[in-house]
Amino acid sequence: LLGQTGGFPVGNTVNACTKGLWIWSKPLRAKAADGTPVNLLVIDTEGLGSLDASTQHDCSIFALALLVSSFFIYNSVGSISESAVENLSLVVNLTKFIRVSEADGGEEDGSQFASHFPKFLWVVRDFSLLLVDEKGRDISSKEYLDTALREIKGFSDKVVGKNRIRSMIRAFFQDRDCFPLVRPVEDESLLQDLCNQGEEVLRPEFAVQMKALRARVFSSANPKLIHGAQLSGPMLFSLAESYVGAVNDGQVPSIKDAWSSVCETECRKQVEARVKAFRAAADLLFETEFPMDGAALAEWQQAAEEAAHAALAAATASLGDAGAAGSKELGVALAGLRAWLVKENDRVASEKAAALLSELLLPLETRLDEGGYTTPRVSQQLWGQFERDRSEARSAFLEQAPKVAGSKAVLQDRMEELLSRAAARAIRQAGLEVEQLESKVEADLRDLAFKCKEEAHELQMQVSSAATRNELVERREEEGRARERESHRALEEERARRTHDLQTLRESTEEEGRATEAR
């Protein structure tokens, strides 16, 4: 079968050469019945009836071989005689060594085993008989096998036991056939050392039959299926591990339990693969597209998640309830990645938005720091210009910045900070103007008082008449007091006007801040 010599070891004594089940380490390439390429794993088992093996050991080996294979080759020597059929009596005990449902139930009748058992090919080695029926008509090898498996007549316990073996073989292996092989060599010494001989020592008819057998196996060995689901290599490994573990622990292998375990393992692997693929796509998106508009990111996430769920559904379609559980597990994992993506996108968007806003506000902030919006006597007009410049920068930012929540947060914080700076500078400028006005008025009043005194003294000197001088002095003094009262009144009015303008500016700044926060 391997197409080479020196494959599995073959012994030439009555002692078993193979212990347990051996798997050829390299899969062979073959084609299924429909032409689909498949990997073929060849398994060699310990022979039945070894001198140092018990019936229970033989049944365990036989059961494990049936459970993990899709094409089972049973070989015997000579012909399918009564003794050859009785050598397969261990099939009667298969219901004790294999369970279809849970491992803790009662004994099963084996009626459900056929759907889980492989194709059965009985190879009859050293076959020297003619394939004819009782009337001498040619029959096929399958007809020869079916004839040997027909019930024999009789009602004794011995006959009932023989017929039970036949009925169970027919029930368990509904897809069965037979392949006879002539003796490979006539020389007995060569036969005992055949594995070390070249192909040239083989009988020509045996070489032809062996090639036909190999072609038959390679064209008929379909992938291993359970409940209609095709097993991958890792799934077959997990299934075998579950069966062997049960046997080594002294338990009865349960097809349902083992399959459930395989489904859960496979589903978990598929979920991990989908999450890994999603994360790889997300990392690529982060490197090439971030930051993205919130709507575009949400659209990408929805498409990626739908693709991940679709891929998982396709990969786990035949895994039953495990597929539904896997879909739920995948949803939870993708939700976490979705939150991570949104968070990272907001972070990158905020950094880009902050840089963009700093660039847009640079001319405005420069003019503000240089006092361009706080020239004396026209502060209100320039405050309007400040608001127009700020509005233009805000509009440009909203048009160019990423459409995510982080961008709006950056805009709001910078606008509030800018308004606070501008208001503080305006208030300082207004206070400075008031102080300058008060200083000027006080200086004017001092100058006026000094002039009044000088004029009064000059009048006193010039008026010779006491009456005239007194009258003139009184009039001048009265006029001086009148002018002093007028100056005080003008000063108070100017102070009141400046105070009102300052209060109005503060209220306007606070109102604009509240409006910006609302926006």
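## Exercises on a predicted chain

Among contacts (heavy atoms within 4.5 Å) in the chain between residues at least 6 apart in sequence, 69% join residues at least 24 apart. This is a predicted model, in which local features need pLDDT of at least 70, side-chain atom pairs count only at pLDDT 80 or more, and totals for chains, interfaces and linings use all residues. Residues are numbered from 1 along each chain as its sequence is written, and side-chain values use heavy atoms, with hydrogens and water left out.

**Exercise 1. Find which elements have the lowest and the highest mean pLDDT.**

Step 1. List the elements: the chain has 14 helices and nine strands. These are DSSP runs numbered from the N terminus (helices H or I, at least four residues; strands E, at least two).
Step 2. Take the chain value. Mean pLDDT (the predictor's confidence in each residue, from 0 to 100) is 80, and 84% of residues reach 70 or more.
Step 3. Helix 14 (residues 466–518) is lowest at 71, and strand 7 (residues 176–180) is highest at 95.
Step 4. Where pLDDT is low, predicted coordinates should not be read in detail.

**Exercise 2. Describe how helix 8 packs on helix 9.**

Step 1. Two packed helices are described by the angle between their axes and the distance between the axes. Axes are lines fitted to C-alpha atoms, for helices over the stretch in contact; angles run from 0 to 180 degrees between N-to-C directions.
Step 2. Helix 8 (residues 233–248) and helix 9 (residues 255–288) pack at about 140°, with axes 9 Å apart. That makes helix 8 oblique to helix 9. The cut-offs: under 35 degrees is roughly parallel, over 145 roughly antiparallel, 65 to 115 roughly perpendicular, the rest oblique.
Step 3. List the contact. P234, M235, S238, L239, S242 and Y243 in helix 8 meet I255, A258, W259, V262, T265, E266 and K269 in helix 9.

**Exercise 3. Describe how helix 1 packs on helix 8.**

Step 1. The axes of helix 1 (residues 55–68) and helix 8 come within 10 Å and cross at roughly 160°.
Step 2. The two helices are therefore roughly antiparallel to each other.
Step 3. Helix 1 contributes S60, L64, L67 and V68; helix 8 contributes L236, L239, A240, Y243, V244 and V247.
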